[in-house]
Amino acid sequence: MALDEYKKKRDFKQSPEPSGSRVPTSPAGRASRFFCVQKHLASHLHYDFRLEHNGVLLSWAVPKGPSLDPSVKRLAMAVEDHPFDYGEFEGVIPSGYGAGIVMLWDRGTWTPEVDDVDAALTKGDLKFTLDGYKLKGSWVLVRTKGGWASSRGGDRSWLLIKHRDNWAGEVDIAEFAPHSVKSQGDFADILSKGNPDIWQSHRPAQGGEAGAMFETIVARALEMKTGTPATQAPAKKQAVKKKATAAKKKSATKKKR
Ligand code: MN
């Protein structure tokens, strides 16, 4: 089953992620179907690129995100198939696998530029057209061979490349359009809006590796909101921390009322 690995990695009593009970029938051939990109602030920020195929979402983790510049090849690591319902997911994963904040960064439809998607995947060369809010036009996913990839166990590494067309350009799309297409918010908004109790009940226990990592993620989300780079001067970091503490106090006060 395509979703076995997805389910094995997660405890759905703990995780708000869809369990993947619904497997729809996806169109075949060159028909258009769903695609999305989820910006995922976990232990490392990355972009999860997902294409609907055979009722699930084929998934690649793209550390730097897609580039509209055809001369830029972005590493895309193939990861486990995700349930179709995952495509609309945005929220906070408080603990466990993928712990962090998920933002629906782009969505729309993708259209294969080949007749047989499975054959293209086997070959390691899938050409397609995207029609999202941010990503459009012709793209290709190419599996890398040999060298670095084979020494790391294989054919999980692909390159995501924009083809030269009217939708190509030099604008850094990740920087130009950083927010959610679902809520229009940033990570900090998703953290507080969707989960007003996040500071209390859903917060992982203090201490421990998971707790420490989540603390870092929360701090990072606040930093990204204020536009302060993660590699900032210590003095500025203090200011951001104070702000976070103030926000915490504020929400705590609200609770008491
Ligand atoms: Mn991810």
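## Charges over rings

A charge counts as sitting over a ring if NZ of Lys or CZ of Arg is within 6 Å of the ring centre and within 35 degrees of the ring normal. In this predicted model, arginine 33 lies over the face of tryptophan 110, at 5.1 Å from the ring centre. Lysine 136 is placed over the face of tryptophan 167, at 5.6 Å from the ring centre.

## Manganese site

Three residues coordinate the manganese ion at 2.2 to 2.3 Å: His40 through ND1, His46 through NE2 and Asp48 through OD. The spacing of these donor residues in the sequence is H-x5-H-x1-D. Histidine 46 and aspartate 48 are both buried.

## Aromatic pairs

There are 9 aromatic pairs in the structure. One of them joins tyrosine 6 and tyrosine 86 edge-to-face, with 5.9 Å centre to centre and 85° between the planes. Tyrosine 6 belongs to helix α1 (residues 4–8) and tyrosine 86 to the loop between β4 (74–83) and β5 (91–93), so the pair ties together parts that are 80 residues apart in sequence. Both tyrosine 6 and tyrosine 86 are buried.

Phenylalanine 35 and phenylalanine 49 form a tilted pair, because their planes are at 45°; the ring centres are 6.2 Å apart. This pair links distant parts of the chain, with phenylalanine 35 in strand β1 (residues 33–41) and phenylalanine 49 in strand β2 (residues 45–53), 14 residues apart. Phenylalanine 35 has a relative accessible area of 0% and is buried; phenylalanine 49, at 1% relative accessibility, also counts as buried.

## Aromatic cluster

One aromatic cluster is made up of Tyr6, Phe12, Tyr86 and Phe89.

Methods
Residues are numbered from 1 along each chain as its sequence is written. This is a predicted model: local features need pLDDT of at least 70, side-chain atom pairs count only at pLDDT 80 or more; totals for chains, interfaces and linings use all residues. Side-chain values use heavy atoms; hydrogens and water are left out. Donors are N, O and S atoms within 2.8 Å of the metal (3.2 Å for Na, K and Ca); water is not among the atoms, so sites may look incomplete. Buried means under 20% relative accessible area, exposed over 50%, partly exposed in between (1.4 Å probe, protein chains only). Rings of Phe, Tyr and Trp (its six-membered ring) pair if their centres lie within 6.5 Å; planes under 30 degrees apart count as stacked, over 60 as edge-to-face and the rest as tilted. Helices (H or I, at least four residues) and strands (E, at least two) are DSSP runs, numbered from the N terminus.
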